[in-house]
Every structure is written in structure tokens, then in C-alpha cells.
Amino acid sequence: MISIVSESQGIKSQIELLLNSSFGEKRKTLPSQKFRKGSKPIQNLSFIAMKEELVVGVIRFTKISIGNEFTCLLLGPIAVLPEYQGIKIGSSLMKHGLKAAKDAGYELVVAIGDPEFLGDFGFISIEGKELTFPIFVDKNRFLIKELIEGSSKLAKGKIKLA
Ligand SMILES: CC(C)(COP(=O)(O)OP(=O)(O)OC[C@H]1O[C@@H](n2cnc3c(N)ncnc32)[C@H](O)[C@@H]1OP(=O)(O)O)[C@@H](O)C(=O)NCCC(=O)NCCS
């Protein structure tokens, strides 16, 4: 049985191992990873999936601002241990994390990631929006999700750490 709990209940070294094995070599080269460097994820929006004592998945969000003062979230990382992928742990973490983000009052989430996986949770391309990320990103992987309908109208300008 898998349970989703606050990341504070997990062991940091186990989570690091999970991230390294899920992302592999590409982890350090990911644009959102580079962007987040030196920042801290939001503690009450960081969750892990546990199978007994083993951390099998993680989801985190970082606070960002768009343009002058639209505060929203950057998703990531989200990862599941390779041997536990494909059994809906990632989906459960996404649903749990997005609900918590909405409950915390956030209106919009930005993600640089897999459009196929993220599309299932309502993430869409930023195509047509005047939104810029400070590091080069593949535009097909540059996505947003409205937590509050219409919030993407405010997503105009440069993304910065908040
Ligand atoms: C992406 C990831 C978190 C998904 O977790 P998971 O527990 O395997 O996902 P689920 O079992 O909930 O599957 C959800 C859906 O996403 C699809 N999916 C899973 N992994 C995928 C991947 N790497 N690429 C594309 N689609 C993927 C599944 O096919 C599934 O679709 P279905 O419902 O039509 O079968 C996991 O594969 C992972 O850790 N990948 C490496 C790290 C990574 O790239 N993270 C960022 C993703 S934006």
C-alpha cells in the first residue's frame, strides 16, 4: 500500500537517491533544475509517496513570480523510482500536489516537462502567451495549468524566483 505524506516525514538522502535514479544523468541539465538552484521548495507543498519505509515518489513546487507581481508555482521535480513507475504513483502525487496548491490559494502552475504526462492533469502549452523563462526551454515542454479558471490571462512577462 502506497501512502502520500508530507516530505518532512521522509529521509532527505533517500529522496536524493530517488531523484538521481529517476532522472539519471539528465537531472543536472534540466532547465527547471538549473533555474531552481539555490532556492527552496515550498515545504507545505512537498509530498512523498511511501511504501512502508521506502520513499518511492516525490513532488515539489517552487514559488515564482510572473511579470511584476503575479505569484504562482513552478512544478518540480516530480519523480517516481524506476521500479515503481507505471502503477499510478506519479498520478496520485500530481493530484495530491495540485489540490494542495489550489487549497493554499495559488492560481496557476508552470511546468517544464513531459507534455504527454502533464497533459493528463490539465497542463497546456504556453503557445500564444507572452511568457518567458530565463533559461532556454523547448517550447513543447513549456506548460501551464490554471488552478483558477482564467488565471492564465495574468501570465504575462518574465518568470523569476519569488
Ligand atoms: C513521469 C513520472 C513521474 C510518472 O510517474 P508514474 O508513476 O510512472 O506515472 P503513472 O503510473 O501515474 O502514469 C500516468 C500516465 O503517464 C504516462 N507516463 C508515465 N511515465 C511517463 C513518461 N516517462 N513519459 C510519458 N508518459 C509517461 C503513463 O503512460 C500513464 O498514462 P496512462 O494513464 O494513459 O497509462 C515517472 O515516469 C518518472 O519519475 N519519470 C522520470 C522523471 C521525470 O521525467 N519527471 C518529470 C516528468 S514531467
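Is glycine 97 buried or exposed? In this predicted model, glycine 97 is buried, because 23 other C-beta atoms lie within 10 Å; a residue counts as buried if 20 or more other C-beta atoms lie within 10 Å of its own, as exposed if 12 or fewer do, and as partly exposed in between, with C-beta atoms placed from the backbone. The model is a predicted one, in which local features need pLDDT of at least 70 and side-chain atom pairs count only at pLDDT 80 or more, while totals for chains, interfaces and linings use all residues. Residues are numbered from 1 along each chain as its sequence is written.

Glycine 97 belongs to helix 3. With neighbours within four places in sequence left aside, the contacts of glycine 97 are Leu45, Phe47, Ile59 and Phe61, a contact being a pair of residues whose C-beta atoms, placed from the backbone, lie within 7 Å. Serine 46 is 51 residues from glycine 97 in sequence, yet the two are 7.5 Å apart in space, C-alpha to C-alpha.

The chain as a whole contains 4 helices and 9 strands, where helices (H or I, at least four residues) and strands (E, at least two) are DSSP runs, numbered from the N terminus. Their order from the N terminus is β-α-α-β-β-β-α-β-α-β-β-β-β. The radius of gyration of the chain is 15 Å, which agrees with the value near 15 Å for a compact globule of 162 residues; this radius is taken over C-alpha atoms, and the globule rule is 2.2 Å times the number of residues to the power 0.38. Along the principal axes, the C-alpha atoms fill a box of roughly 45 × 35 × 30 Å. Buried residues make up 32% of the 162. Of the contacts between residues at least 6 apart in sequence, 71% join residues at least 24 apart.

Several strands are paired, meaning that DSSP finds at least two bridges between them. Strand 1 (residues 2-6) runs antiparallel to strand 2 (residues 47-51) over 5 bridges, and isoleucine 2 stands opposite lysine 51. Strand 2 also pairs in the antiparallel sense with strand 3 (residues 54-66), over 5 bridges. Phenylalanine 47 has isoleucine 59 as its bridge partner in strand 3; both residues are also among the contacts of glycine 97. Strands 2 and 3 form a hairpin with 2 residues between them, and glutamate 52 in the turn has a positive phi of about 50 degrees.

Strand 5 (residues 108-112) is largely enclosed by the rest of the structure, because 5 of its 5 residues are buried. Leu108, Val110 and Ile112 point one way from this strand, whereas Val109 and Ala111 point the other way. Strand 4 pairs with strand 5 in the parallel sense over 2 bridges, and leucine 74 stands opposite valine 110.

The ligand is surrounded by 18 residues, the closest being Ala79, Gln85, Gly90, Ser91 and Gly113; a residue is near a molecule if its C-beta atom, placed from the backbone, lies within 6 Å of it. Helix 1 (12-23), strand 4 (70-80), helix 3 (89-103) and helix 4 (115-119) each give two or more residues to this shell. Its residues comprise 8 nonpolar, 6 polar and 4 charged, with Ala, Val, Leu, Ile, Met, Phe, Trp, Tyr, Cys and Pro counted as nonpolar, Asp, Glu, Lys and Arg as charged, and the others, Gly among them, as polar.

Technical notes. Contact = placed C-beta atoms within 7 Å.
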